[in-house]
Structures are given as structure tokens and as C-alpha cells.
Amino acid sequence: MPEVAMGVDPIGDPIGDPIGDLPTSRRDPAVVVSPWTVLERQAGHSFEMATLLASLLIGADYDAYVVSGYATREVCNNDQLRVVCPDLIPKLEVVEEPRPTTPPKYQVREPPYLHSRFMEQMAEREKQQEEDKRRKLQEEEDRRIAELERPAPDELWGFRLHAWGEGLGEDESATPFFVEPSTGFRHEIGHPGYHRVESVWNHLNYWVNVQPEGDGDTCEGTDFDLADVRKWEHFLAGEPAEWRKGPDPQQSRMDLDDEQEQLDEEVQAEKHLDMPASWVPRLDVQHAVYERRYPGSSKTILYKKAKVEKLAPYLAKDGLMKRVTVYEDYEHCTPLRLTEHYENRADFLYQVKKELRDGSATDLFRRGRDDACKEHQYKVAESSLDSPRKLWFYDVARNDGLEHLEMTAEHLTELFRCRGDRLYYRRVHFQGPDDEELSVGSRRTIRKITEKFERNPEVDANRDIAVRVFLLNENKVFLKFHYGPGKVTAATREFVKPVRADRGRGANFDPDLVTCYEAGGKPMKQVEVLMLLEEQLDAEDKTLCHVRQIQDELSSFLRMRMVETAMPRLQVSLFDEERNEKAKKGLREREQRLLEEEAREVEADVDFLAPYMARLGYPDSLSPAQALAMRDQCLSDFKQQYVNRAQNMQNRFETEKERLQELNKWYEENQEKLTPEEEDNTLEESKKLDFLLQTLQIRLNRHREMASQRYLAIEACLRADPRLAVLY
């Protein structure tokens, strides 16, 4: 049962909380309405909800049952105030075990251990003592909290009648488990919320529990082997033969191959009642009804220090589907955190997390945004450009490979992935924050830019830049290269940038403006140093341009988020016929076209002799001469029309063929002069003409092949016309 295992509530969501007071004695409810009625009313007590749950699971081919027994006050009243919210339980991550590796045959001997083992043992003992002390304090705190959370005494404890679901698993080795229909939670049979079981039933039979009550307050000791007649008394005879057991535990399963016929005779002899056929209509939930989901299209559940609000799709204008609020107290008065889940948002927002104490918020987006934003962390009260914020992006959807961006008042940090220039880190230092906050769209003065690059194995380490720093205030560029094999130092270069008017003039290059350190290897020539300087100056201009673009992009992103938050838009699926107006309009147009086509087919009986009858004034009858002349004229006109159509198609074919030949000739003469865009357009036009020629050739061939068949068809039509009956 995958939905039950994940905590999905297939019954409690559409039905709501159980209603109706059940008797507190050992009597079942007086009335149990059908599952179909429960779905229609969206209300019912525990027996009705459990019956509906078992019906749905049995219909899905699960081995499910309805259990009648006694439960605690909290379970009967669906009180979740002492239950941890399922949305707050961390999901267990599956950690793959590393594959065992074969140790190498020859290993380096480990160095001698130069630490005091006695001191390490003493430190470990102190650490263990502190851990034990911390654990004891935590246990005392847990006991104190458990004592505070303990419910008040129940005068009807052990006598509150309740019904829930049960699953026996897919095989004999599977452990039975309970399913609470009001919540959809799966519980083990030893759950403290269930005291004992009186009876179990499904669509096959009704079983009464004849096992003695145990000493415990749960169903832990109950054996749910319904085939054991010593523990479960069945109401109807005739259960499957494999369920029947004898008194000897060693002979619990009979040999079905040898004794099947005998068992069938015994079952038929004992059979005195049949399970009545179901009178309930088929449980069919329409899509529109399923989308409303909750009674009143919304539902609120109170958990321990948490509140969950669920809404139907498209109920909220902003696409809100679920809101989880975490509180500091048990009375749900002081909220701490807020998590909102969205669906069908045009801005691809699907979750918002808010910390109400410090005012921080995190927006999570799905793939599909133009800016490829994945996550946005910010302060709700601070909306200026220089306020602290962090953004994560889907780097594969961006041309620059940007993965992470962090903005503060003084810094801008970018992290990249899979770039062609191997850049993975950039940090921009701005001037100190001004007294006045920056407005959206303003720019700040850049003081320093630091970039880091990954190692390129195809380039010599002394020529492969590892760190590049643009010192804009000092008018310098600092380069640090990667470490070479076996080197403990790396080569460095520091350039004093020349005046912009002298850039690109090699004759004005001053070697004294370059400070270098070579970590071995061949030193760079002056020409190479000059070319390296020119590359860095160009890289500086591009980096400054990129930083300005990032600032503009961030400013545009903030403005867009303001609009998306103030005026959210929802998307409607193309397949949602109930809400998609375009889909509805398309369906209506399609139906109209079908009706028109049917009308045209009815009127498709063409009268070939109508023009010729009109020339004669529509006489009541034709003489043999008139009939012969009319038939010959009709066939002659048909032949001429067919020949004209073939000639028109042939002329069109020749014309398009000449166009294609002229286009190919022009392309061969001017191929070297064409730009890539003009060449692509020419090739595309050539493909279209080639396709048109193939289409015309196919139509012409088919026209010629069908000529004789169509001539015979019109001749047969004329022969069947009663007005030409004098000729036949």
C-alpha cells in the first residue's frame, strides 16, 4: 500500500473528521451507511470510514479488512495534538554502502604513532562522561515533557468502540499492520492507541476474535492468522481450502493437490449461508470531485506544536495548496516557522519557507524560469539591492554556468560550473556601504575583483592561471599560476596597468611595470608578457561588463519577484478541460467541424447531369438521341477536365524544377561570397523546392493511375441514372 506507507490519507482527506457519537458499551453502531453514501456526504463515523477504506483497497487488489475493537480517546476523536506533524519528520536518506575494494599487494608502511595513547584514553573517558551526563539530562527532560504531554485520565478507557483498517501483506511472512482511516497513518499492531480487537470482516467473511485478553493494553499479543479456527471463529463456512487448519500445528497446511476434491465436498456440506452480493454502486470519484478533495475545499489539522492547512487546487488565487506552521507552545499561539506549498504557479514557485523570528525567507522554484533561478534566500523586510541575499540557479540552463550567487553590502560572490574557461569562483569587492541605501537599479563602485580557475592539464602549470585579482583602486592586475608537479611555490605576475591611451602599443611597454616570480621553468619573453598583459586588460573589461550585467539582472529579478508576489498568476494544464478555456473552445470547434463534415457527406451525392438537363430546360423525359448526346458530352467533358488537371500539374512541376535549377546554379556561383545566414536560407529554400517537386510528382503519378478507375466509376454512375434508362 504505497499511499498508506507515505502517510497519504485516501479517506480522511475527502471525508474529514469522524462524526456521530458511538455507544460507549460493547454495542456496534445502529446504522452503517454504504461507502458510496459516505463519499456523497463526505461525512461518516469510524465504522463507515473504515468500510470505505477497505472497499477501496480491496478494489485495488489488496488484502484489506475492517477491524472492530476498542481504542483510546485520542484515536476515537481524531485528536492529533500529541502527534508529531508528518511534514516535520525528516526523511531517511538511503546511503549506498561503498563497494569493498581489494587492498594492493604492496603497501607503504604506516609512520610511527607519536601520540600518547594514555592521554587519548583519558580524553575519550572525559568525552564519554560528558556524553553520559548530557544523555541523562536529555532523558530527564524527555520524561518531564512526556509527563506534561500525558493526556488526562479517561473514565471510559478501554470501552471506547472504534473501527479501523487492517492489511495482512502480500505473503505469509509479512507482518500485519493497522491503518487509521481518519488520518491515513500506518501503525504496527502494538500501537498504544488500540486496546483490543473484537471482530474482523471483509467481503468474504466475518471473523470473531476468541483469543483470551492479554495482560497488556495493546494488540501486541493478538494473532491475526484468520485461518486458525482456534483463535478466530468465522461466521460463514466456505473460505478457501488453504485457510483451513487442523488441530495439529504440524499439519497446518493440507496437501491441496491430493485432497482438493475432498475439501470442496466438506466445504459444500458445511455451507449454510452465502455472503450477500454487494448492493453498493460502483465507487467512482469524478475528477472534479476529487480535486475539491476536502469538505468545504479546505481542511485544518492541529498537531503537537504545529498546524497544517490544506486547500484544494485553484482555491487560493496564489496557488497555495498546503501551509505548515510550527509553534513554540502547545496552545498554537506563538508561531516560529512557516512553510507554504504551491502548485500551478506561472513563476514556477513551489515552496516558501519563512523564519518568523529573524524575518528570513527562502523561495524554491522548479525548472522553467527564464532566469533559471532555483532557490532565493533573503530577508522579508529588506528589499534593496545591497541587502543580504543568496541565490542558487540551475547551471545547466544558463549560458554562463552560474550556480550560486551571494550578495551583501560589500561583496558579490559567484560560483560557476562546467565553464569553458574553467572559471569557478568570482568575488567582487565594492566600496564601503553608503549612509543611504541603494535603490533597485543603482550601481556601486567596484574596488577589487578576485577570480579562481581550475587546473587545465593541457597547459603548462607556469602558464595556467589559478588566481586573478583586478585591483581597480591601485590600477594593478595580480596573477598567480598553478603549482607545478613537485613544486612548493607557484609563479606570480603583477602588472601595473598602462594608461588607456597607451594600450595596444607595444613600443610603449615598460618592463619595469611588471613584477614576476618564476617557480622554475623557462622564463617568459617580453613579447609573451606583453600579450599576457593585453589578455588581462581585455579580461578585466569583460569581467566589469559581466558584473554590471549581473547587477542589472539581479535588479530585474527583484522587480519581477515583487510583481509575481503582488499579482500571482496560475497556469492551467492543457489537458484540464474544466478550467482551460482554450481547450474547451477547441473541443467545441472540433465538434462543429465534425457536424459540418457529416452534413457535407450527406450532400455529397453530386448530380453529373444537372448542367446538361438545365440546357434542355429540365424535361420530364429524354429521347434516345438526347440521352445518347448527353451521356457522350458528359464523358467527353470529364476526359477533358482530367487532361487539363494533369497538364496544370505538369506545368507546375516544370516551373518549380526550373526554379530549383536556377537556385542551385546561383548558389554554386556565389557560395564563397555568402554569409552563414544567407547560406542557411539558400539551403532551406532548396529543401522546400525539392520537397514540393516530390509532392507534385506523387500527385501527378496518382492522377494518371486513377484515370481509368474514375472514368469507369462515372460511367457506372451514368448507367445507373434513371434518366438515361432509354439507352440501356
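Over residues 639-670 the chain is 97% helix and 0% strand, with 47 Å between the C-alpha atoms at the two ends. An unreviewed UniProt entry annotates residues 639-670 as "coiled-coil region". The model discussed here is predicted.

**A loop residue and its contact along the chain**

- Glycine 158 belongs to the loop between H6 and strand E2 (161-167).
- With a relative accessible area of 5%, glycine 158 is buried.
- Although glycine 158 and arginine 196 are 38 residues apart along the chain, their C-alpha atoms are separated by 8.4 Å.

- Seven bridges pair strand E10 (residues 320-327) with strand E11 (residues 335-342) in the antiparallel sense.
- Arginine 337 in E11 is the bridge partner of valine 326.
- E11 also runs antiparallel to strand E12 (residues 349-355), to which five bridges join it.
- Threonine 339 has lysine 353 in E12 as its bridge partner.
- E11 and E12 make up a hairpin with six residues between them, and asparagine 344 in the turn has a positive phi of about 60°.

**Positive phi in asparagine residues**

- Most residues other than glycine have a negative phi.
- The position of asparagine 78 is the loop between helix H5 (73-76) and helix H6 (117-149).
- Asparagine 78 counts as buried because its relative accessibility is 13%, under the 20% limit.
- Asparagine 475, likewise not a glycine, has a positive phi of about 60°.
- The loop between strand E20 (465-471) and strand E21 (476-481) holds asparagine 475.
- Asparagine 475 is partly exposed, its relative accessible area being 33%.

- Valine 84 is located in the loop between H5 and H6.
- The relative accessible area of valine 84 is 42%, so this residue is partly exposed.

**Salt bridges**

- Glutamate 147 and arginine 150 meet through their side chains in a salt bridge, with an N to O distance of 3.2 Å.
- In this pair, glutamate 147 is partly exposed at 47% relative accessible area, whereas arginine 150 counts as exposed at 53%.
- A salt bridge also forms between glutamate 343 and arginine 366, whose closest N and O atoms are 3.5 Å apart.
- This pair links distant parts of the chain, 23 residues apart: glutamate 343 is in the loop between E11 and E12, and arginine 366 is in the loop between strand E13 (360-365) and strand E14 (373-379).
- Glutamate 343 is partly exposed with a relative accessible area of 33%, and arginine 366 counts as partly exposed at 37%.
- In the salt bridge of aspartate 464 with arginine 455, the closest N and O atoms are 2.9 Å apart.
- Aspartate 464 counts as buried at 9% relative accessibility, while arginine 455 counts as partly exposed at 31%.
- A network of salt bridges links Arg345, Asp347, Asp363, Arg369, Asp371, Arg561 and Glu564.

Key
Residues are numbered from 1 along each chain as its sequence is written. This is a predicted model: local features need pLDDT of at least 70, side-chain atom pairs count only at pLDDT 80 or more; totals for chains, interfaces and linings use all residues. Side-chain values use heavy atoms; hydrogens and water are left out. Two strands pair if DSSP finds at least two bridges between them. Helices (H or I, at least four residues) and strands (E, at least two) are DSSP runs, numbered from the N terminus. Buried means under 20% relative accessible area, exposed over 50%, partly exposed in between (1.4 Å probe, protein chains only). UniProt positions are given in the numbering used here, feature names are shortened, and annotations may be inferred rather than shown by experiment. A salt bridge is a side-chain nitrogen of Lys or Arg within 4 Å of a carboxyl oxygen of Asp or Glu.
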